[in-house]
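Please read it alongside the sequence and the model.

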Amino acid sequence: MTSAGTPGRLEGKVAFVTGAARGQGRSHALRLAAEGADVIAVDLGAKIDTAPHTMPGPEELAETAEAVRALGRRCVSAIVDVRDREALGQAVGDGVAKLGRLDAVVANAGIAGFLPMTEIGPAEWKNMIDVNLTGVFFTCQAALPHLLATGDGGSIVLTSSTAGARGHANLAHYVAAKHGVLGIMKTLAKELAPHFVRVNAVLPTAVDTPMFQHDQLYRLYRPDLESPTVEDAIPSFKSVHLLDIPWVEVEDITNAVLFLLSDESRYVTGTALPIDAGKSQA
């Protein structure tokens with residue numbers, strides 16, 4: 001039940017969220033719980049050396065799980081690498097065994113990196129594709145048997161990006177992965193329609209999380225400065241949007257994810273939903 005005592009939009013559902021330790025993933029997990037869902041939450045809980053941003057540790061995933069339980073919902077959490085298909089399958093299976101079913105999937109786990117094409121090495125390319133594209137593919141594969149076994153439909157939301165719909169300088173590996181995510185979404189929407197399982201994607205612009213807020217990105221946007229700060233970069237961040245903002249908040253993406261998982265979007269499938277302050281039109 002919600003705080004107002006009325007049933008939540010996901011009452012009685014079970015949702016599987018990857019990258020749940022912090023940022024968008026934690027926000028999604030907590031909002032889905034607040035709307036009545038029990039949660040299977042996974043995260044890598046370690047650093048990937050080619051990612052320029054910080055990454056959460058196991059303790060942050062534990063904090064997410066505790067916060068879900070504080071909302072009165074059950075949570076099964078596990079340290080899992082989305083690049084490990086077998087481990088993902090085990091985590092989802094364990095969660096379904098404890099929570100009883102699976103109704104919703106949010107394939108959110110991802111990394112970022114900002115380099116010119118000529119400076120992207122084999123490790124940078126491989127890690128980006130493996131986490132941001134293959135990880136989404138493995139997440140869907142791990143979840144589908146359980147989602148279909150429920151027998152009464154379901155919803156999958158994949159996290160792509162504005163980079164999934166257009167090119168961006170210094171992001172070739174990221175752009176390639178996020179374009180691929182939309183390919184998975186469009187294909188799964190067709191394959192799963194007979195089962196009334198809907199598949200959609202969200203396309204965020206920059207989101208105010210540690211994956212975005214770091215020195216490498218500030219230098220990219222302000223190459224004229226030796227050690228630019230976030231304040232130095234804000235005018236450049238704003239310049240890519242129609243709306244006069246530098247970034248969106250995690251809650252803005254969560255609002256879209258909740259809509260796509262709920263019955264409010266019961267006939268929406270195969271859709272790429274931008275949450276981008278007009279970036280795709282700028």
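The second largest pocket has a volume of about 220 Å³. A pocket is an open set of points on a 1 Å grid over the protein atoms alone, with protein on both sides within 12 Å along at least five of seven lines; points are joined across faces, edges and corners, and the volume is the space filled by probe spheres set on them. The model is predicted, so local features need pLDDT of at least 70 and side-chain atom pairs count only at pLDDT 80 or more, while totals for chains, interfaces and linings use all residues. Residues are numbered from 1 along each chain as its sequence is written, and side-chain values use heavy atoms, with hydrogens and water left out.

- The pocket is lined by 15 residues, and Lys13, Gly153, Gly154, Arg198 and Asp263 are the closest to its centre; a lining residue has an atom within 4 Å of a point.
- By class, the lining has four nonpolar, four polar and seven charged residues (nonpolar: Ala, Val, Leu, Ile, Met, Phe, Trp, Tyr, Cys and Pro; charged: Asp, Glu, Lys and Arg; polar: the others, Gly among them).

**Helix α2**
- Helix α2 covers residues 58-70 (helices are DSSP runs of H or I with at least four residues, strands are runs of E with at least two, and both are numbered from the N terminus).
- Its 13 residues should span 18 Å at 1.5 Å a residue, and the end C-alpha atoms are 19 Å apart, which agrees (the expected span is 1.5 Å times one less than the number of residues).
- Leu61, Thr64, Ala65 and Val68 are the buried residues of α2 (buried: under 20% relative accessible area; exposed: over 50%; partly exposed: in between; 1.4 Å probe, protein chains only).
- These residues cover an arc of only 95 degrees around the axis, so they lie on the same side of α2 (the arc is that of the directions from the helix axis to the C-beta atoms).
- Exposed Glu66 and Ala70 are on the face of α2 turned away from its buried side.
- The cover over the buried residues of α2 includes α1 (23-34), β2 (38-43) and β3 (75-79).
- Glycine 72 follows α2 and has a positive phi, near 90 degrees.

**Helix α8**
- Buried residues of α8 (250-261) include Ile253, Val257 and Leu260.
- Among the elements covering the buried residues of α8 are β5 (154-159), β6 (197-204) and β7.

**Alanine 272**
- Alanine 272 is in strand β7 (residues 272-275) and is partly exposed, at 35% relative accessible area.
- Not counting residues up to four places away in sequence, alanine 272 touches Leu182, Met185, Ala201 and Leu203 (contact: heavy atoms within 4.5 Å).

Key: On a 1 Å grid over the protein atoms alone, a cavity is a set of points where a 1.4 Å probe fits but cannot get out, and a pocket is an open set with protein on both sides within 12 Å along at least five of seven lines; lining residues have an atom within 4 Å of a point.
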